[in-house]
Structure formats: C-alpha cells, structure tokens
Amino acid sequence: SECIEAAEASRLDPYALHAGEHQLLADMLMHKEVTVYLNIRNAMLRLWIQNPLCSVTIEEAAGCAKEGRFFGLAEVAYKWLIRNGYINFGCTEVPKEPLAVKKSAKQKTVVVIGAGVSGLTSARQLEGLFAQNSEHWTDLGERPPRVVVLEGRTRIGGRVYSKPLRSQVEGSLPGNLRNTVEMGAMIVTGFEHGNPLDTIIRGQLGLHYHLLTDALTIYDTDGKPVDEETDTINTELYTDISDRTGEYRAAPQQHNTLKGDDELIDRARDPIADGFEGFQLEPLFPVDNAKHRKPVLKRGRRRNAPPGTEKLTGRSRVIEESGAPESAARAAKTMGWQLKEGVAKNQSISLHRVAQASLHPTLGTIMDEAIEQYQELIDITPRDMRLLNWHHANLEYANAAPVSYLSLSGHDQDTGNEFEGAHSEIVGGYTQLPRGLMNLPTKLDVRFDRIVDSIHYNDGQDPDLKTKIVCIDGEVIEADEVVMTAPLGVLKSGAVDFDPPLPGWKQGAIDRLGFGLLNKIVLLYDEPFWDDSRDMFGLLNEADKQDSLNPAHYAKKRGRFYLIWNASKISGRPMLVALMAGHSAYEAEQTDTNSLLNDINNRLKKTFAPKVVPAPKEVIVTRWKRDPFTRGTYSYVAPETRPGDYDDMAEPVGNLHFAGEATCGTHPATVHGAFLSGLRVAADVMQSLVGSI
Ligand code: FAJ
C-alpha cells in the first residue's frame, strides 16, 4: 500500500498508465504486463517519496523489478519517471557521469526567461536531466547544454515574494521566523496530500510550515460578529446556487489508458508467469553496471489487447440538463429558510433563460439571477445579501476576477485536481522555495536586470536560423532552445516582441484567457488586538447603492478587506494582511494608501471596540496591475476562453517553449501549477534536444 500511496502522492493512478506512459507502451504491452509495469513504477515512486533527498539510482530502479526479464520494463519506467519529473526532481543531487569530453567542446544553450517558480523549476530540472543523460552529448562529442536564466527584476521568485519589512525588531526572531510579508502567494494548498511542492518544501529544504485552520468569524458592517446560524444558512444557500450553476459546466476531458489488475497491484504482486513468458522487452539493465543500451521495444507479440485503450478526445461541451435537482423551495426549507407565504414546496428556480441569453454567459450573471429568483421564495434580508456577496468576494479572490468576468461553463475547469488535506503557509516566507530551487544542489546561472524585449526564435522554417533574445539594454543572447515564463499579463500586454509573430492559435489563447487581479494591504503593529490564535477573520460590506436587495449593487465594494489574514504565525510580527478582491482589487490600484488605511482603520475600530486600534507601524499596499513584470496576479477562465486554451498555452512554437501558471490547465493560478509547468517544459525541451526516451 505504500506503493499505492506513493503513486497517488505523485498524482498518478496506481492502477492505470498515465497518458504519456500509454503512448509509449500501449502497443507493446500485453494485459498482464501492464500490471508488472505498474508495480515496478509504483515501487520506484515509493523509493523516491520515502527519501527525496537522494535520487533513485538505476540500480535501485532495477531492484523494483521482481525478475531479471523485467529489467527492460523497469528501465522504461525509470526513464519515463525521470524525464517527466516524477522522481529525482527538485533540490537534490542527481547521479552524474564524469565529463567525457573536453571543456572546450561544443555546448548548446537553453535560455529560460523569468526566475519565478516555473522558470527556476524548469532550469533546475533541465540541469538535472542534462546530467542524467550526459551520455547523449558525449556520443555527439558535446558538453551537456548550459542553462541561462534571464530575469527582468533584481530578485527571484516573481509572484512569490516575501518582502522584508522596513521596521525591524531588536535582536533576531525565534526559530525560522523572518521579518517579511507575503506580497504574492501565501498558501500552499493540500499540503500533505499530493502537492508536489511538499517534496521540495518539507522533503528537501526542510522548511517549517504553519497548518491553517478554517475557523472564521465574519463581522458585519456594525462591527458585530454574524451568528453561526445566519452564517450557516447563507453558506448553504450559496453552495446550493453554486451547485445549480454546475449544470452548465463543460464536461471535463477524459483519457482512457491501459489498466492493470487492481487486486494484484494492491498487494504489489505480479501476475503468475503463465501466459506471458513471451515477454519481449529486452533486459537492458547493466547487471554488471556496464554502459546501458537503448531500450528495444519489440512489436508483434501482443495478445489479448484490452478494449477501450484509445484516448478519448472528448472536447468540453455544455451540459444542458443533468437530472432534476431538488426544488429550490424544498432545498431552502431543508437549509432552515422560511418560505414566503403561498410558496409551494415544489416551486423552483430556472436559470436556463439567462444562461442561454448570451453566447458567452458569465457565472456572475447566472448566480445573481439565482439570488433574485430565490428572493421570490424566501425572505432574504440585507444582512443575508451582505453574506451572499461575501461568498462572491471569496470566489473573486480564488479567481482574481469579478464573478461577472468568469466563464459560466469553464470557470472551474480544474475541479477535481485539487489536493486533499490542510492548507499551510511557510514559516519565514514563501521565497525560501524559489531560493532553494536557485541554489540547491548547485547555483543556477540566473542573470538579473535582464528585461527581455524581443525573442527571435526558430519556428522550424529555416533550420539554420539562429535564435536570439534581445534585452532592452541591447544585450543579445543566442540560444538553441528558449523557455518563456513571463506571466500571461505580460504576454497580453505585447511588452515582449516575438519574431516571427506567434501563430494565431497561440495568440488566440493568450487573448481569450483572462488574467486577473488581487491586491493586499499589510498592516504591522506592536501588539495584536485581534484573536491571535485564529488565522483569519472576515468583514461584510454594504451595497454601494440604495437598493440593498439588488445583488448587482454589491459588486463594487464586496471584495474590500472581505478577508483579513493574521500573518503573525509566519512572520513573527503582529501583522494583518487584508485582501482586496474583485472590483476592489482594481480600485486599490487607483486609491492612495492613506485613503485605504483610513477605511480599514475605521472598519477595524468598529470591529474590535472597545479595544484601542492603534495606527500601524508600517503599511504596505500591493499594486500588482502596475507591476510591469506581471501586470496582474493570475489567470482565470474568461467567458470567451475555449476548453483547449490552457493546453495551447503550453504548446511550443518551434524552439520557443512556454511555462508558467497559465500554461498549467490542471492547476492554474497556483505556485504548484507553475512548478508543474516547469517540470513539463523541461520534458518538452528534452524532446526537442534528445528525442523520445
Ligand atoms: O496563496 O499557490 C496562493 N497560493 C498559490 N498561488 C497564489 C496564491 C493564490 C491561491 C491560493 C490558493 C489556491 C489558488 C491560488 C491566492 C493568493 O493568496 N496567492 C497569490 C496572491 C497574489 C497577490 C499573487 C500575485 C499570486 C498568488 N498566487 C499565484 C502564484 O503566485 C502564481 O501562480 C505563481 O507564483 C506564478 O509563477 P510563474 O513562474 O508562472 O510566474 P512568475 O510571475 O512568478 O514568474 C515570471 C518571471 O518572469 C518573474 O520573475 C518576472 O519578473 C519575469 N519576467 C516577466 N517579464 C519579463 C521577465 N523577465 C525578463 N524579461 C521580461 N520581459
């Protein structure tokens, strides 16, 4: 079962091939051999997960095969896992052959643009892959390629930025605490269950973390806490409305791949030899540790190929009707709402007309329509409206966009990929992750203050064309392969010129995907006046116009300081970080710091009275939209976005490769998504330089 857990923690199905494995092996394996392969691969993952400080060696990998005749299969699994960043990745020493060519021998160059998490991960991974495949270049009489990272800023991390506070404390802070504030990403989601950053953060860097609790008190505009019952019924109503909009969600893509025998895999057992002794993958492992041969996968011995092995290309579609949900009135009654006089229990709401009224319906329009229709069935008070809009604000935070900017069918297209388990924050600052990626096990070649102005890449038309990257100060760097990780906001702005221009399918995806905004105001104090045992609290906001029952009238203000984080656990200083989401995030870009400070001060005074709320020692306001190196915060699915757009963002154009959160459709808008995109792009670059495994 440790093997099963290891596969799951690696985001792989322990009982079925990954689409990449399927592509590599489907034509060569018999049904029983799939089970053998999966047992071998799961066992290798176990070795890695148990100790990610040490790379899994080829000998250890061979040991995962129960019989010598499966060594060939083990080598395929080993190479596939390494190439795709499932083992031997991150800040770990990798097995390296001594350099077998002269130092003056030819060397290719891979240029990575951007030293955020995706750029540093791809550079780190490429260094590792080049070292583990050094024989490829030795055979060519070359040195393994060098990797150069060009970063426009004077710091690493990009949207992961633990900014040092101006106001220092006397002496040093205890333990791992640092005098910093998270300007960008702060939360590591599903930390202990499948988040690949766990391997680096805990397994390799040994960083301390604070597990978050979701205990949350929401304070109303009069400063009084909302009672639990009111909070609960509004949360349930919001969830019900959200579920009803799920009817219009595009169906997720499905991949059918070869499956093994569940029962045998559960017990890490191989099928009995009978029936597949004709197995034809040659044993490739050098039992005497001699030089390896290339895998020879022989065709033609396949028997009993299971049906349904084709990958389903299922493009997303809008689900029209998905059975009859419980009537809205009955659902509301069950939640504890009082039905209005004359409302029958079977009375419901219907969102079809509004959903179909536009070519690109938005989540916000349909949810607000649902709220309005619910108002016909139950008495929704202005306070309930403030609470429902608080939930809107929370959705606007998660997507970095007002709900009226989100696609109805695709806003949650990554649903189902989230990791289980508690969320956490890194004690002492998230920047320790990019710092580790840059420095361990050896320092990457990161060049700061290199603002890339244009990329003259090779789209394959003329194989002799030299690829050049030009910085705004005129410096020109030649490259064989380029990895572009500048954020979607930068790509949208046209700040970087592409020569030749990007093809229509790529530019189309860049134009259609959304790139949103979230801002924060950070307040540093001498002493906490809030409940320091809690991680956060919420604030409700008034409607910005007279009609407090009209959902549209809350849009402008609902995201202002709607959630306030207690950051003292990670920084060691009494500090609050208030979020400004949705339209409020945009407003913060135009509002001066003093006005924002006055506003939040008044809210805090009302909330914590009779306690005295002092003036903060230090105030920081983020304004990510103005930042020329990001121009916003993270990607979202806009109404015009098409189901394949995230995948198209990840596709290379000739020798120009793309990484970054907006290229990771399974985990967009996150640090782990950026990390996974870095691993993926490294495999793409290897494919270009070396070919398939
Ligand atoms: O906690 O995982 C967070 N946790 C998280 N990601 C967040 C979160 C959000 C979240 C929480 C839970 C679940 C999902 C999301 C919410 C929020 O609290 N938080 C967050 C908050 C803010 C204010 C921001 C800005 C972001 C987040 N994110 C998103 C992640 O930070 C990003 O997805 C991730 O860090 C992106 O990494 P990346 O490698 O794709 O991109 P960058 O921007 O870090 O790196 C690009 C580099 O290129 C930069 O260093 C830039 O300077 C450089 N560059 C740009 N143009 C250039 C250039 N260099 C040279 N020449 C040029 N022309």
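Predicted model: local features only at pLDDT ≥ 70, side-chain atom pairs only at ≥ 80, totals over all residues.
**Entry 1: the chain overall**

I began with the fold as a whole. I counted 22 helices and 21 strands in the protein chain. Along the principal axes, the C-alpha atoms fill a box of roughly 80 × 60 × 50 Å. I then checked the radius of gyration, which is 27 Å for the protein chain; a compact globule with 693 residues would have a value near 26 Å, so the two agree. I also looked up burial: of the 693 residues in the protein chain, 56% are buried.

**Entry 2: the ligand and its shell**

Which residues are closest to the ligand? I listed 39 residues around the ligand, and the closest are Ser 118, Glu 151, Arg 159, Ile 187 and Val 671. Sorted by class, the shell holds 22 nonpolar, twelve polar and five charged residues. I asked which helices contribute, and noted that helix 6 (117–132) and helix 22 (671–689) each supply at least two residues of the shell.

Next I went through polar atoms facing the ligand. For Ser 118, I found a side-chain N or O atom 2.7 Å from an oxygen atom of the ligand. For Arg 153, a polar side-chain atom is 2.9 Å from a ligand oxygen atom. At Thr 670 the backbone takes part: one of its polar backbone atoms lies 3.1 Å from an oxygen atom of the ligand. On its own the ligand has 1100 Å² of accessible area, and the protein covers 95% of that.

**Entry 3: strand 1**

I turned to strand 1, residues 107–113. Five of its seven residues are buried, so strand 1 is largely enclosed by the rest of the structure. Which strands pair with strand 1, and in what sense? I found that strand 2 (residues 143–150) pairs with strand 1 in the parallel sense, over six bridges. Strand 12 (residues 481–484) also pairs with strand 1 in the parallel sense, over four bridges. Ile 113 stands opposite Leu 150 in strand 2, and Val 110 has Glu 481 of strand 12 as its bridge partner.

**Entry 4: cis peptide bonds**

I noted a cis peptide bond between Asp 499 and Pro 500, with omega about 0°. Pro 500 is in the loop between strand 13 (497–499) and helix 17 (504–512). Another cis peptide bond joins Ala 609 to Pro 610, with omega about 10°. I placed Pro 610 in the loop between helix 20 (593–608) and strand 19 (618–621).

**Entry 5: positive phi**

I then checked phi at two residues other than glycine. Asn 88 has a positive phi, near 55°. I found Asn 88 in the loop that runs between helix 5 (71–83) and strand 1.

Notes:
Residues numbered from 1 in each chain as written. Heavy atoms only, no water. Near = heavy atom within 4 Å. Polar contact = N/O pair within 3.5 Å; in protein donor to acceptor, adjacent residues only side chain to side chain. Areas by Shrake-Rupley, 256 points an atom, 1.4 Å probe, with all protein chains shown as cover. Nonpolar A, V, L, I, M, F, W, Y, C, P; charged D, E, K, R; others polar. Buried < 20%, exposed > 50% of the residue type's maximum accessible area, 1.4 Å probe, protein only. Pairing = 2+ DSSP bridges. Rg over C-alpha atoms; globule rule 2.2 N^0.38 Å.
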